[in-house]
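Please keep the structure in view while reading.

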Amino acid sequence: MDYLTEGFIKALHLLVGGHPETFSAIETTLTVTSWSMAASLILGIPSGFLLGYRDFRGKRAVRTVVDTCLAFPTVLIGLLVYAFVSRRGPLGELGLLFTPAAIAVGQTILALPVVIALTATAIESLDRQLRISLLSLGARGRQVLLTSIWEARHGVIAAALTAYGRVLTEVGISMMVGGNIKWHTRTMTTAIALETGKGEFAMGVALGLVLMAIAFVVNVSLAILRKRA
Amino acid sequence: MIYLVEGLRHRYGTQTVLRLDRLTIERHKIVGLIGPNGSGKSTLLRLLAFVEPPSRGRIVYYPEEGNAGNEDARFQVTLLGQEPYLLKRTVLANVAYGLKVRGDTESLEKRAAEALEWVGLPPRAFLRRRWFELSGGEAQRVALAARLVLRPKVLLLDEPTASVDMESAQRIREAALRAQREWGTTIVVASHDRHWLFEVCDGMLHLLKGRLAGTGAENIILGPWRQCGQDLWAKRLEDGQELVLPGAPGPNAMALIPPDRLALEHVLEDSSDSSPASAPYDGACRIAGTLLRLTLERAGGHILATVAVGRSLFTATLPPSRGLRPAPFYPGQRVELIFPAHDVAWFS
Amino acid sequence: MKGKLRNTLLVPALFLALFACAGGAPQAADKVLQMATTTSTDNTGLLDYLAPMFKEATGIELRWVAVGTGKALELGKNCDVDVLLVHSPAAEEKYVAEGYGVERTRIMYNDFVIIGPKDDPAGIRGMNASAALKTLAMEKIPFVSRGDSSGTHKKELSLWKAAGIPVEDKADWYIQTGQGMLATINVAAERRGYTLTDRGTYIKYEHTLKGDPPLVILAEGDRNLFNQYSALIVNPQRCPQVKADLAKAFIDWLTSPATQKAIADYKMLGKSLFTPNAER
């Protein structure tokens, strides 16, 4: 139990006292998750729309694959990305291993199925009449896409938040392809894993609380945005 | 001609829901669409609106200017569904949506206000309202305003008054007719309100099980039929009379009787010993009922008589007065519908 | 629709390019040396102590990933790092023999200790490693093993071998945790068992329990318990991208008398941890 109270006090110290290592980890975490979220939303929302809106052959198979990918273990994604960006891998020339970019790529793979599946569900649950209405008012293609996504905005925001929850808390990818390099690719979660491994449980708790605080700030900002819309 | 439909077959899964060999719709006219639920009315309207393509066959739209084709239809044809979808935004945004799609954003608010006035919604009270602040009838009227603001060449209406209050229904009808009057908008309207359709339509299309069954006024007698002899089929009507007809193709067939084949005769109140409604081969069947109302048909100038038998309604055409004796009919009378058995058309 | 499809394909390509740029930039700075080392090395804090000194002396930035020994060697095989700092002599020899690494250089050693309950129910206090393990196996006293193929686990296996006792994988008294050193020590404390640990982790463990731990050091100082650290350069002939010159500079710096003295002076929680033994 001591860890928890001690951790709480330490968390305040880290934030108020401006502990540079922690701030470096926070910065890396925010940078990397922003990249991966931007990528997964830009790719995932239109794909989710198509999956939810259009009927095509093999749609159910695609849906099953996407739903299965929801259970993609982060360690496996980490290994997969590692295999590609390792010096001896097909993308080795890019020198991506042990960079924040590599983590962002892995997290994009992690978040993409979440965004696609939940967006598709949100679009599917829209009234069937919406499509007929939009088409009969003259909307086509991109107009239908944007209006439908806007109509399903609550579902899409929920998709984004769920995905953000996953990328913010994953350890496997950051550890495997980021390497947990201090000042460079150490994220909040790999720092927690490191401190816990070293037996610094209170520090682990403190960093965990800081991570929760970040999640809280993000959720509150989105809740305010959602109210306006 | 504004529409030409040829060789149309439309399928959902393995079921063919619409089968129309040829159909034309004239410009500036009001065409009524009647038929029971599931007869393909909504499907036909969606196809005419080009929101889905037919499985087979073609629908050609002829714009006033330019080439025949379906490109112009996108911005000239609009459909108002039975329960239209309002965007989760303000009334203004909903009414202006079609204009924005067209990139036509000049004085949006003024035009939206005009359209709202057409459907009897005071713009000052409604423009800023949000989608959840509207009653069902108001929502339907906003949806109609969103179509009228586009000044459509074709307005397709799918039972626009089926689920709204009386005032809304009246406003919707008036607004649609006004569009036809002022802009020459072609209107195709599906409705269960035959009475109104007969009043306002230039022509009627009767859909039955996805097929064109006539010009609208046909009386339908649904099965089940009970076989009661060699090729004789009986059906007990709602008020207890038994109708026996020859030639049904099966127990679930529908019998169709054109209104101009029904003759109307008075029933004397005391002659209650009249024979039942069965007289198979002598040619004349009789059904007793109560004359409900008389309507002047807009298209042909005929007088249509609506007769209630139990709760079913039959429509008979009274011939234009032949000088000799003006039809001495008035609502409330007991009458008999008389028709030759061989004029019954069967539909399976 | 066709345009949309093209866009759909374009976007991922764009992102990959962006990621490449974002990742490529820091890599382009030539003076970065990428090292793979083991978690236990990193946990001692020695690298945090040495890296700034190295940067000051040579201008080279040392970046390291701390992973298990097996994975560190694997990273070298895949050319993902330039230099290795590990402590698994048998594996290192094989590694060099197979041509994956060159210039294996001894740097320093620390040591392992056998710890157990204060009252020492097996009575192994002061024994050498082989005798201690023999006693534990004979008495079937609980022994907690890492069981995770880590350097420490490999060391433990080699000690059993040296003692001439086959490892009883399924015996009740032989507990394999598959977890880190600290978790393993905690399991040993719960089960009133013995375990093998590196001295650094034990110092921390002792410190967190305010100097009154349930487990104490019972066997130490045996040559068999020494833990030799070596540095290796990833073979530049196999991996042309390897910055062999920087790696060479690092090893030269590590083995210089000044650095060797700095290693000897390094203290964790007030206790010395490493003994430098580079041969120049």
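The unreviewed UniProt entry annotates residues 34-257 of chain C as "domain: PBP"; UniProt positions are given in the numbering used here, feature names are shortened, and annotations may be inferred rather than shown by experiment. This is a predicted model, in which local features need pLDDT of at least 70 and side-chain atom pairs count only at pLDDT 80 or more, while totals for chains, interfaces and linings use all residues. Residues are numbered from 1 along each chain as its sequence is written, chains are lettered from A and ligands numbered from 1 in the order in which they are written, and side-chain values use heavy atoms, with hydrogens and water left out.

Strand β9 (residues 226-234) of chain C has 8 of its 9 residues buried, that is, under 20% relative accessible area with a 1.4 Å probe and protein chains only. Strand β3 (residues 83-86) of chain C pairs with β9(C) in the antiparallel sense over 4 bridges, where pairing requires at least two DSSP bridges between the strands. Within this pairing, Val86(C) faces Ser230(C). Strand β4 (residues 101-117) of chain C is also antiparallel to β9(C), over 8 bridges, and Val102(C) has Ile233(C) as its bridge partner.

In chain B, 3 strands form an open antiparallel sheet in the order β10-β14-β20. Its edge strands, β10 (219-221) and β20 (345-347), each pair on one side only. Strand β14 (residues 254-257) of chain B is joined to β20(B) by 3 bridges, and Ala255(B) stands opposite Trp346(B).

Definitions and conventions: Helix = DSSP H or I, 4+ residues; strand = E, 2+ residues; numbered from the N terminus. Buried < 20%, exposed > 50% of the residue type's maximum accessible area, 1.4 Å probe, protein only.
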